[in-house]
Amino acid sequence: MRVRIDPQRCQGHGRCYDLAPALFTEDQEGYGHVAGDGQVPAGEEPAARLAAANCPERAIGTGAEA
C-alpha cells in the first residue's frame, strides 16, 4: 500500500500526522506531507486508512498506486 497527499486539497488540519505519525509529517505551516516515499510499512495499513478517513478535505489517497 502507498499513501499520498494532494497539496491542492490539504488545508493543514493535521489529522494525518496526529493519527499516523509514522506515515506523515508536517511542514512549518502545519500542512501534511508523506514521510519517506509513501510506501506504508507492514502493520501501518490501518493507520493509513484511519488518516485518510479522517481528512476533512479527502486530500489523502491510499492504495496500490496512491
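This is a predicted model: local features need pLDDT of at least 70, side-chain atom pairs count only at pLDDT 80 or more; totals for chains, interfaces and linings use all residues.

User: Which residues of helix H2 are exposed on the side away from its buried residues?

Analyst: Helix H2 spans residues 45-53, and its buried residues are Ala 47, Ala 48, Ala 51 and Ala 52. They cover an arc of only 135° around the axis, and therefore they sit on the same side of H2. An α-helix has 3.6 residues a turn, so residues three or four places apart point the same way. On the other side of H2, the exposed residues are Pro 46 and Ala 53.

User: Against which elements do the buried residues of H2 pack?

Analyst: The residues in question are Ala 47, Ala 48, Ala 51 and Ala 52, which are the buried ones in H2. Their packing partners comprise one helix, H1 (15-19), together with the strands S1 (2-5), S2 (24-26) and S4 (60-63).

User: Which element gives the most residues to the largest nonpolar core?

Analyst: The largest nonpolar core has 16 residues, and those that touch the most other members are Ile 5, Cys 16, Ala 20, Leu 23, Phe 24, Ala 51 and Ile 60. Two or more residues of this core come from each of the elements S1, H1 and H2. With four residues, the element that gives the most to this core is H2.

User: Is Cys 16 buried or exposed?

Analyst: Cys 16 belongs to helix H1, and, leaving aside neighbours within four places in sequence, this cysteine is in contact with Ile 5, Pro 21, Phe 24, Gly 32, Ala 51 and Ile 60. Because its relative accessibility is 8%, and the cut-off for burial is under 20%, Cys 16 counts as buried.

User: With which residues is Tyr 17 in contact, leaving aside its neighbours within four places in sequence?

Analyst: Tyr 17 also lies in helix H1, where its relative accessible area of 15% means that this tyrosine is buried. Between the C-alpha atoms of Tyr 17 and Ala 35 the distance is 9.5 Å, for a separation of 18 residues in sequence. Beyond its neighbours within four places in sequence, the contacts of Tyr 17 are Phe 24, Thr 25, Glu 26, Gly 30, Tyr 31 and Gly 32.

User: Where is Arg 58, the residue with a phi near 55°?

Analyst: The phi of Arg 58 is positive, in a residue other than glycine. As for its place in the chain, Arg 58 is in the loop between H2 and S4.

User: How many charged residues are in the lining of the largest cavity?

Analyst: The model has one cavity of 30 Å³ or more, and the volume of the largest is about 100 Å³. Its lining is made up of 13 residues, of which Cys 10, His 13, Gly 14, Cys 16 and Cys 55 are the closest to its centre. Sorted by class, the lining has six nonpolar residues and five polar ones, and the number of charged residues is two.

Terms used
Residues are numbered from 1 along each chain as its sequence is written. Side-chain values use heavy atoms; hydrogens and water are left out. On a 1 Å grid over the protein atoms alone, a cavity is a set of points where a 1.4 Å probe fits but cannot get out, and a pocket is an open set with protein on both sides within 12 Å along at least five of seven lines; lining residues have an atom within 4 Å of a point. Grid points are joined across faces, edges and corners, and a volume is the space filled by probe spheres set on the points. Ala, Val, Leu, Ile, Met, Phe, Trp, Tyr, Cys and Pro count as nonpolar, Asp, Glu, Lys and Arg as charged, and the others, Gly among them, as polar. Buried means under 20% relative accessible area, exposed over 50%, partly exposed in between (1.4 Å probe, protein chains only). The arc is that of the directions from the helix axis to the C-beta atoms. Contact means heavy atoms within 4.5 Å. A nonpolar core is a set of buried Ala, Val, Leu, Ile, Met, Phe, Trp, Tyr and Cys residues joined through side-chain atoms within 4.5 Å.
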